Amino acid sequence: MATTAKLYSYDFKTVRTYLFAVIFIAGNLILPQLFHAVPNGGPTFLPIYFFTLIAAYKYGIRVGLLTAVLSPVLNSVLFGMPMVAMLPIILLKSTLFAVSASLAANYFKKVSLISLVIAILAYQLVGTGVEWIMLGDFQLAVQDFRMGFPGMLLQLFGGYLVLKAISRL
């Protein structure tokens, strides 16, 4: 199941980079608020990363990185979630996701479930390893795999559907 898609890679001199980043940052501000209305919705569904995937895969590393960095910071400042203590880890994983998603898009040149699985596993495995080193707590580091599996499925299937829907844009 692969969909040919128009994929972009805007540079920092292009206004479109910032316009698309603002759109995806807004999505990453709204979606977590919806999921935080559900008990443990954030750690279960990992909504802070969703539009980072879309931004980086469809519009390239720069839009992805702007979304990856500004979304968690703005969410923390505006809504108190993620907590400031968790920001370094969230920023790390978010940045890794932007990098892995843009690399997967550049490599596969189309939207496919396998490319998204690779992007998701790459950011989660590397991020979990670094989180374990940073925190010194393996159980806490693997929380995304223990609790966040529904979120990874949302990223995989929801991301695929959104990317497929906007593939021709």
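Here's a quick briefing on the overall fold and on one pair of helices. Keep in mind that this is a predicted model, where local features need pLDDT of at least 70 and side-chain atom pairs count only at pLDDT 80 or more, while totals for chains, interfaces and linings use all residues. Residues are numbered from 1 along each chain as its sequence is written, and side-chain values use heavy atoms, with hydrogens and water left out.

**The whole chain**
- You'll find nine helices and two strands in the protein chain (DSSP runs, with helices being H or I of at least four residues and strands E of at least two, numbered from the N terminus).
- Going along the sequence, the pattern reads β-α-α-α-α-α-β-α-α-α-α.
- The C-alpha trace spans about 40 × 30 × 30 Å along its principal axes.

**Inside and outside**
- Buried residues (under 20% relative accessible area, with a 1.4 Å probe and protein chains only) make up 46% of the 169 residues.
- Take the contacts (heavy atoms within 4.5 Å) between residues at least 6 apart in sequence: 73% of them join residues at least 24 apart.

**Where α3 meets α5**
- Helix α3 (residues 50-59) packs against helix α5 (residues 87-108) at an angle of about 35°, and their axes are 7 Å apart (axes are lines fitted to C-alpha atoms over the stretch in contact, and angles run from 0 to 180 degrees between N-to-C directions).
- On the α3 side, T52, L53, A56 and Y57 take part, and their partners in α5 include F97, A101 and F108.

Conventions: Buried < 20%, exposed > 50% of the residue type's maximum accessible area, 1.4 Å probe, protein only.
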